[in-house]
Protein chains: 4
Amino acid sequence: MSDLRVAVLGVGLMGADHVKRIEGRISGARVAVVNDYLTDKADALAATIPGCRSVADPLDAIADPEVDAVLLATPGPTHEKQLLACLDHRKPVLCEKPLTTDPQSSLEVVRREAELGKRLIQVGFMRRFDDEYVALKAMLDEGELGRALVLHCVHRNPAVPHGFDSSNVVRDSLVHEVDVTRFLFDEEVSSVQIVRPTPNSAAPEGLSDPQIAILRTASGRHVDVELFVTTGVAYEVRTEVVGEHGSAMIGLDVGLVRKGAPGVWGGTITPGFRERFGRAYDNEIQRWVDAVRTGLAAGEAATDFTDGPGAWDGYAATVVCEAGVVSLGTGEPVEVTLVDRDSIPGA
Amino acid sequence: MSDLRVAVLGVGLMGADHVKRIEGRISGARVAVVNDYLTDKADALAATIPGCRSVADPLDAIADPEVDAVLLATPGPTHEKQLLACLDHRKPVLCEKPLTTDPQSSLEVVRREAELGKRLIQVGFMRRFDDEYVALKAMLDEGELGRALVLHCVHRNPAVPHGFDSSNVVRDSLVHEVDVTRFLFDEEVSSVQIVRPTPNSAAPEGLSDPQIAILRTASGRHVDVELFVTTGVAYEVRTEVVGEHGSAMIGLDVGLVRKGAPGVWGGTITPGFRERFGRAYDNEIQRWVDAVRTGLAAGEAATDFTDGPGAWDGYAATVVCEAGVVSLGTGEPVEVTLVDRDSIPGA
Amino acid sequence: MSDLRVAVLGVGLMGADHVKRIEGRISGARVAVVNDYLTDKADALAATIPGCRSVADPLDAIADPEVDAVLLATPGPTHEKQLLACLDHRKPVLCEKPLTTDPQSSLEVVRREAELGKRLIQVGFMRRFDDEYVALKAMLDEGELGRALVLHCVHRNPAVPHGFDSSNVVRDSLVHEVDVTRFLFDEEVSSVQIVRPTPNSAAPEGLSDPQIAILRTASGRHVDVELFVTTGVAYEVRTEVVGEHGSAMIGLDVGLVRKGAPGVWGGTITPGFRERFGRAYDNEIQRWVDAVRTGLAAGEAATDFTDGPGAWDGYAATVVCEAGVVSLGTGEPVEVTLVDRDSIPGA
Amino acid sequence: MSDLRVAVLGVGLMGADHVKRIEGRISGARVAVVNDYLTDKADALAATIPGCRSVADPLDAIADPEVDAVLLATPGPTHEKQLLACLDHRKPVLCEKPLTTDPQSSLEVVRREAELGKRLIQVGFMRRFDDEYVALKAMLDEGELGRALVLHCVHRNPAVPHGFDSSNVVRDSLVHEVDVTRFLFDEEVSSVQIVRPTPNSAAPEGLSDPQIAILRTASGRHVDVELFVTTGVAYEVRTEVVGEHGSAMIGLDVGLVRKGAPGVWGGTITPGFRERFGRAYDNEIQRWVDAVRTGLAAGEAATDFTDGPGAWDGYAATVVCEAGVVSLGTGEPVEVTLVDRDSIPGA
């Protein structure tokens, strides 16, 4: 089969990374189209890739008959429109989180995809493709830890971009742990509370940092997440599940261990999410490309063009994070209410 | 100087351990008197120790002119009376936690000691004498982590004695983390909340397990504690401080590492608190013996017969834990109110 | 540019793995031809890959004008002939170790490639592409450890195939540490000694196991290697460099850590070389494909079609291992003598 | 029973440490006499200890009827005479290593003690009292690793005193691993070889550093030891046993783990042998004091006043180290020949 022709919409940090990934490390796909609201940037990038065009309007790119699938790395507020266009054109799409920026539009996307009877949308929660999370999930599924009761998470960034505010911590950082919770526990989050302890004096104005998120799941399990995005240290993600028959932790991050400076031993922590989760992104994109090609090869009958979290997962994460933003203001637990999934056949 | 003559009151598990410790591993002290409400037990133990008598009434033991100092390992409800007797007789006393079982009597003990103008009471929070906690405290005091903002604690027991109920988790387990918080952060706890997630199906009736305690300190720092006392695994105590300039963790518990069973590497976790903190107890008792001997050698002028947490620390822990027991019922945060320490000169 | 058309010669365990890798995870290449002395096996495999043919004679496959590059996973004794054919046809080739099975033929291959003035041969020492070895090499090159003095290696397999004998330990296992030594220290090995301690009672007849290899490099550095291939535990590869300013170790192999069975903590060791070095193979093949494509794109002028160890590295490893086999018989150190590299311009 | 009256001979670094230990941390013993060839030093020290005298002549101290037992921390060359005096006066003695400085005098001590029919001499190999070595030995004795085949040791010092030369590495550092080998494997060493790799440029003249020692035991097991005493890093002692059913390692030295400097995690290594083995010394001395008191309490009938390695262990270590010094000159393996232990009844 010939290579999948992918349109990458949005070629900022994340999108440019994906272009490089597809061109350099992914089997069976090539970047056929790039698009960005900064057209010069997209034009320049296209010029470096054999057989790649720059298309000015993202909706044109989606509609393009020479495009088999879409990778959405545009800003969140544009997602709804672009996702609906993908659905209209029956184009499989891998959408970087968030699905959309508010619960209502996310739900609309879920409904529209469900009406089609085809799973075309995959959401980019890449941790589900990380070897350690996969091993942890397998350990849970095999029952080695018994029923899981508690989840402890740590999410630390050395620094954040200018303008990153308190709500970004919830929407852009916590969102990953929300998905990790749903992935590991196979159930929905029922309430979320954001606690704000003594702030880091190095945090800029407008940014409450650290924050502690306390989630409760539908069946009553407890999740706590330390979110600390101005540590100055490194990118640290640690997850511990406590079950009835034992506990398990990932993210201890031991590789090369050195004894050098007098009296000290130690190692290096991955500096950023691309180093920590680079391989997870590779796995994610490769498996998505494989799933889309399998789907396309199956022709009209095909109903699934995904291999990972779908639109519902994106919707659920958005609802939890928006409840988190409410709690950020009050400090109180906020209940999370999802529509009844069974009321949307196919979701 | 001749050996310190210690009366050990209460020779159950803990007290018998201390008798063995003083006789076998502590320099400058000997067990002169033992006492237990089970007099046969005390008699039998005394018979095995050269120069040791069994005394039937704890108050007689305290008053005994051949007793220089008292080690209190009796049940909590008897502490108030015995501590006050120690104060009356000016006998230095090391009191196993709790100081007393309710805030009011604890406060009374604090006041009475303060009136004497002598520090005679030390409370047995042994973690302050553990090498790892000492190193963590030193790291904080030297400013290596910057200002501490968050504390994550895990406290797991493989099993608990028959009759151990939900409030014991707060009073007997959480109490250690309350003292660790006060020790590491040098400030009081201002509120406490107990969250009860999905319970462990192996926990007996009457025991909510696990529990999550969420503390807030006077200056607004956040502390979370997982308390899980029926894990079936081992005795695990882990503490992580997150500061403005980095984080530090103790309790990872690596010693002998083995690769044996096919495909598996690992080590052994200390099975119980005596293995984990045995050396801390040795340090605690040796330093207490040294402090008492130094005090006694100084004669009338001496005002301090302790080298560790005192009556106020015991009072503060009791108040926090009782607030915790209230929260256990409601699930809501409960404010902690201590009397103004400055209102009690000498406390 | 169109995909590189690769002929994979030998589709046993290793070759079949590479076919799967190129088809499923490598960008810019496809398997155009497969070959095996078991022709049915090759035919069956070819049938599952779109656009792939089975060719009965490996020399025909090499000569095939529709083949751009060759991946050699055939048995060692056939390598010489096949490599020389690749040189004759100017076909870039990635040759699984060993280069050839004896020093003389290895040297002949080195000479013939040097005469061409083009680097067409890359040898499959995949550890050079493993993240941890790469980090260790970088640390050495940046001078962080000062001058390296000593190297400790451990190489353990849970089991070996039927027929694996004492000399296989040297030729098939030690060979990797020989290359690691040369890679990390950038110099040749000057002597090798094999010590045979008390044997493992589970080792089959004909297999001395464990063996201890002691290497000395040209400048006098010391290397010791524990080779133990019937441990029954797991695939364990550990390497420690000791330098003038510190030491560094890789292979501690911590990922998911679990506390489950009473009193025990631990994790899983990678069961085999494919799990441990799977990603290194991916990196190796991707970088080789990229280098070959870059070379081919450059046309006649191109002189390098490799990105990794070359024919000389294969030759040097073969000479050291054959000296090791001699030492296996005597237990004494055996000097290693390489031809003067400068006497072969271009080698 | 009254406290054991100990004479500490030699109050340099090691002896002074033991004085402090006995006075401050050991139950059932006190320092009754101190002695040093620097009499002022001994006098000054005695003045600080209640009930302690300084005695100018070590032989007088040994003969003193107010001395129950002797702790020998004098320089090695004086040991023979002092040990024989202890035997003459039937004084239990704990002798810091070496037993004596040459095989012949060590053997003489073994013979003389054997003639008495009483075990009076214990040799100060403190690692046998370290928790981790004890756990490793227990694991071996319980058969968890199967038959042990190979032992890997690392012994690193940050620095050594002025005048420490190549033979000191063998006699003062390797001697510990010689005893560890004999302790863990319960058999004698049959040959020893010292390899000298590229030297550390920071090592002073006269000091070959690092050195690699290769031991072979009577039954053919292999032991390798890296000895590196000018690392500038820390005091590092690591031991790994490889057995037929698995391997086990001690000395990984994880305690407080910190993430602070950008991108780095790590901990602290014990700076010196007193920090690393301080607790082992405590255990050693306490158990020796207990054994001697038990022996003395038993009266004339008592035949054992030790609880640890004896004169034979000191003799065997001396013989192996002297063979090591020979190998230091030649680089070749040197056979180790002990007298037949059965030829000395009681040894």
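A residue is called buried here when its relative accessible area is under 20%, exposed when that area is over 50%, and partly exposed in between (1.4 Å probe, protein chains only). By this criterion C:E236 is buried, at 4% relative accessibility. The model is predicted, so local features need pLDDT of at least 70 and side-chain atom pairs count only at pLDDT 80 or more, while totals for chains, interfaces and linings use all residues. Residues are numbered from 1 along each chain as its sequence is written, chains are lettered from A and ligands numbered from 1 in the order in which they are written, and side-chain values use heavy atoms, with hydrogens and water left out.

C:E236 belongs to strand β11 of chain C, which covers residues 236-243. Helices (H or I, at least four residues) and strands (E, at least two) are DSSP runs, numbered from the N terminus. Although 82 residues separate C:E236 from C:V154 in sequence, the two C-alpha atoms are 7.2 Å apart in space. A hairpin of 2 residues connects β11(C) to β12(C), and these strands pair in the antiparallel sense over 5 bridges. Pairing requires that DSSP find at least two bridges between two strands. Within this pair, C:T239 has C:I250 of β12(C) as its bridge partner. Strand β12 of chain C (residues 246-250) is mostly covered, with 5 of its 5 residues buried. The covering extends to both faces of β12(C): C:G246, C:A248 and C:I250 are buried on one side, and C:S247 and C:M249 on the other.

In chain B, 6 strands form an open sheet with parallel pairing, in the order β3-β2-β1-β4-β5-β6. Strand β5 of chain B (residues 93-95) runs parallel to β6(B) and is joined to it by 3 bridges. The bridge partner of B:C95 in β6(B) is B:V123.

Between chains B and A, 35 residues of chain B are in contact with 35 residues of chain A, where contact means heavy atoms within 4.5 Å. The area buried between these chains is about 2,600 Å², and carbon and sulfur atoms give 52% of it. Buried area is the accessible area (1.4 Å probe) that two parts lose on being put together, summed over both. Of the area that chain B buries against chain A, B:L149, B:T198 and B:E244 supply 19%, more than any other three residues. For chain A, an unreviewed UniProt entry lists residues 133-248 as "domain: GFO/IDH/MocA-like oxidoreductase". UniProt positions are given in the numbering used here, feature names are shortened, and annotations may be inferred rather than shown by experiment. The span 133-248 of chain A is 25% helix and 35% strand, and its end C-alpha atoms lie 11 Å apart.

D:S105 lies in helix α5 (residues 103-116) of chain D and is buried, with a relative accessible area of 5%. Beyond its neighbours within four places in sequence, D:S105 is in contact with D:E80 and D:T100. The side chains of D:S105 and D:T100 make a polar contact at 2.6 Å. A polar contact is a pair of N or O atoms within 3.5 Å; within protein, one must be able to donate a hydrogen and the other to accept it, and residues adjacent in sequence count only if both atoms are side-chain atoms. C:S208 is located in the loop between β8 (189-195) and β9 (211-217) of chain C and is buried at 16% relative accessible area. Leaving out residues up to four places away in sequence, C:S208 touches C:S166, C:V169 and C:R196.

The search of the whole structure finds 0 disulfides over all chains, a disulfide being a pair of cysteine sulfur atoms within 2.5 Å. D:C86 is in no disulfide, and the nearest cysteine sulfur, that of D:C95, is 8.6 Å away. D:C86 is buried, with a relative accessible area of 0%. For D:C153, which is buried at 3% relative accessibility, the closest cysteine sulfur is that of D:C321 at 13 Å, too far for a bond.

Backbone geometry was also examined. Most residues other than glycine have a negative phi, and most peptide bonds are trans. The peptide bond from C:K97 to C:P98 is cis, with omega about 5 degrees; C:P98 is in the loop between β5 (93-95) and α5 (103-116) of chain C. C:R90, which is not a glycine, has a positive phi of about 55 degrees and is partly exposed, with a relative accessible area of 45%.
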